Amino acid sequence: MLQKTLLVLLSILILSGVCFAQEESAKEQKMEETTPAAVQKQPALVLEEIQFYTAVEDRQPSGVGSVFPEDLDKLYCFTKIGEADRTTYVYHVWYFGDKEIARVKLPVKSKSWRTWSSKNLHMGLGYGYVEIVSESGDILGRSEFKIQAAEKAEEVGKTEKTGVSEEAKEAPKEQ
């Protein structure tokens with residue numbers, strides 16, 4: 001008799017566990033169905049252009065390049081982001097050497113959006129780069145720059161190209 005009672009209790013426990021698991025699975029499926037698609041998936045942004053420059057003249061980047069003199073006060077990073085189907089954000093993550101020195105959150109408000117960030121220099125000589133990171137953490141791209149002695153930077157030329165398109169002639173819209 002004791003064995004039958006234990007067997008019945010064990011069967012009840014097993015069946016209630018199965019029912020509980022099915023109920024939890026149904027709850028998860030219902031939550032997925034009611035969660036808006038916009039919350040589930042970030043837009044697939046595309047980095048269309050990235051370049052460094054030293055100034056803005058007549059609403060245009062000036063001093064575009066990848067090698068800059070050590071006596072430069074400020075460096076700008078310009079980006080053109082495409083394919084945003086709604087307002088989202090990107091980050092310009094500035095590095096000098098392997099150390100992160102700044103993280104700038106910038107809005108992207110249309111399918112084709114231009115934006116920029118800047119960094120005050122005075123870090124010394126060496127290499128740096130900026131990674132463009134989506135709100136969801138995806139790295140969209142990266143571009144490098146070099147700070148060297150003023151005489152050497154002049155020899156290389158401030159307008160050395162970074163391999164970016166020159167088709168967009170409009171000034172950045174948002175900072």
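1. Strands S5 and S8 run antiparallel and are joined by nine bridges; strands are DSSP runs of E with at least two residues, numbered from the N terminus, and two strands pair if DSSP finds at least two bridges between them. One of the contacts links isoleucine 81 to its bridge partner in S8, tryptophan 113. The model is predicted: local features need pLDDT of at least 70 and side-chain atom pairs count only at pLDDT 80 or more, while totals for chains, interfaces and linings use all residues. Residues are numbered from 1 along each chain as its sequence is written, and side-chain values use heavy atoms, with hydrogens and water left out.

2. S5 and S8 belong to an open, antiparallel sheet of three strands in the order S1-S5-S8. Strand S1 (46-53) and strand S8 (112-120) are at the edges with a single partner strand each, so one side of each has no neighbour in the sheet.

3. Glutamate 83 lies in the loop between strand S5 (74-82) and strand S6 (88-96). Its phi is positive, about 75 degrees, although the residue is not a glycine. Most residues other than glycine have a negative phi. Glutamate 83 counts as partly exposed because its relative accessibility is 40% (buried is under 20%, exposed over 50%, partly exposed in between; 1.4 Å probe, protein chains only).

4. Two charges sit over rings (NZ of Lys or CZ of Arg within 6 Å of the ring centre and within 35 degrees of the ring normal). Lysine 105 lies over the face of tyrosine 89, 4.5 Å from the ring centre. The charged end of arginine 142 is 3.6 Å from the ring centre of tyrosine 129.

Note on methods:
Helix = DSSP H or I, 4+ residues; strand = E, 2+ residues; numbered from the N terminus.
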